[in-house]
Each structure stands twice: as structure tokens, then as C-alpha cells.
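Hello,

Here is the structure we talked about handing over. My notes follow below it.

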Amino acid sequence: MDSKQLAQLAAKACEDKKGQDIVVLDMKDVSLIADYFLICEGSNERQVQAIARAIKEAAEERELTVKRLEGFDQARWILVDLEDVVCHIFHKEERSYYNLERLWGDAPLVETGIN
């Protein structure tokens, strides 16, 4: 599975848990951190945790490595590191505060085929 397919898998997991405003940024020419950033939000802490868990489980079902999962207990901003794809799952209030889309505004948006 290439990194774009992995980003789409993660986006689908977000959608399945009713994640809102799902955005995938192509980071290949912008950052060395990852090929793609996925950014989405949930309306409460339980939903944010459910989205992160769904991404983790979708990756593990395909025997892919989840490098790290951070922020799960607080569920305000959970980071799921899938190596080439880094998923940022925000609580709605936190997303507008950190505004990663603006921070990485020069990264092109990727069509995910969802919604």
C-alpha cells in the first residue's frame, strides 16, 4: 500500500466515524515529516477517540505499523503517526485554534474520494 492509499484508508476510517471537515494535504514537496497530513475534527472527546481508534484499527488490519499515538487520553488533539501519513484528529475547538491548514497552506489538497 503506497502512502496515498494509506491516506485514503485513514480518511475513510474518519468518515466511518462521522469525522467532520476531513482534509488531506500532500506534504511531499513541503515537509520531510510525512508524505501526507490528514486533518479532521470530532464534536466531542469520545468521537475524537473513536476516530483515532478507527484509523489505528484500519491500519493494523492491513498489518501496517502505527508508529505512535499521542493525545488519546485528553482527546483534544490526537496524533496518529502511520509513518508516511500523519493524522491529526482535533476536537472542534482545538482545530480552529491551531489551524494547521493555514500553517501548511502551501501544501496541495488531495482528493480523497469521500463525501
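A salt bridge here is a side-chain nitrogen of Lys or Arg within 4 Å of a carboxyl oxygen of Asp or Glu. This is a predicted model, so local features need pLDDT of at least 70, side-chain atom pairs count only at pLDDT 80 or more, and totals for chains, interfaces and linings use all residues. Residues are numbered from 1 along each chain as its sequence is written, and side-chain values use heavy atoms, with hydrogens and water left out.

Salt bridges:
The structure holds eleven of them. A network of salt bridges links Asp21, Glu41, Arg95 and Glu101. Within it, arginine 95 pairs with glutamate 101, with 2.2 Å between the closest N and O atoms. Arginine 95 is buried, at 4% relative accessibility (buried is under 20% relative accessible area, exposed over 50%, partly exposed in between; 1.4 Å probe, protein chains only). Glutamate 101 is partly exposed at 23%.

Aspartate 26 bridges to lysine 28 at 3.5 Å, N to O. Aspartate 26 is buried at 18%; lysine 28 is partly exposed at 41%.

Lysine 56 and glutamate 60 bridge at 2.9 Å, N to O. Both lie in helix α2, four residues apart, about one turn (helices are DSSP runs of H or I, at least four residues; strands are runs of E, at least two; both are numbered from the N terminus).

Serine 43:
Serine 43 sits in the loop between β2 (36–42) and α2 (45–61). Serine 43 is partly exposed at 40%. Beyond its neighbours within four places in sequence, serine 43 contacts Gln20 and His91 (heavy atoms within 4.5 Å).

Best wishes
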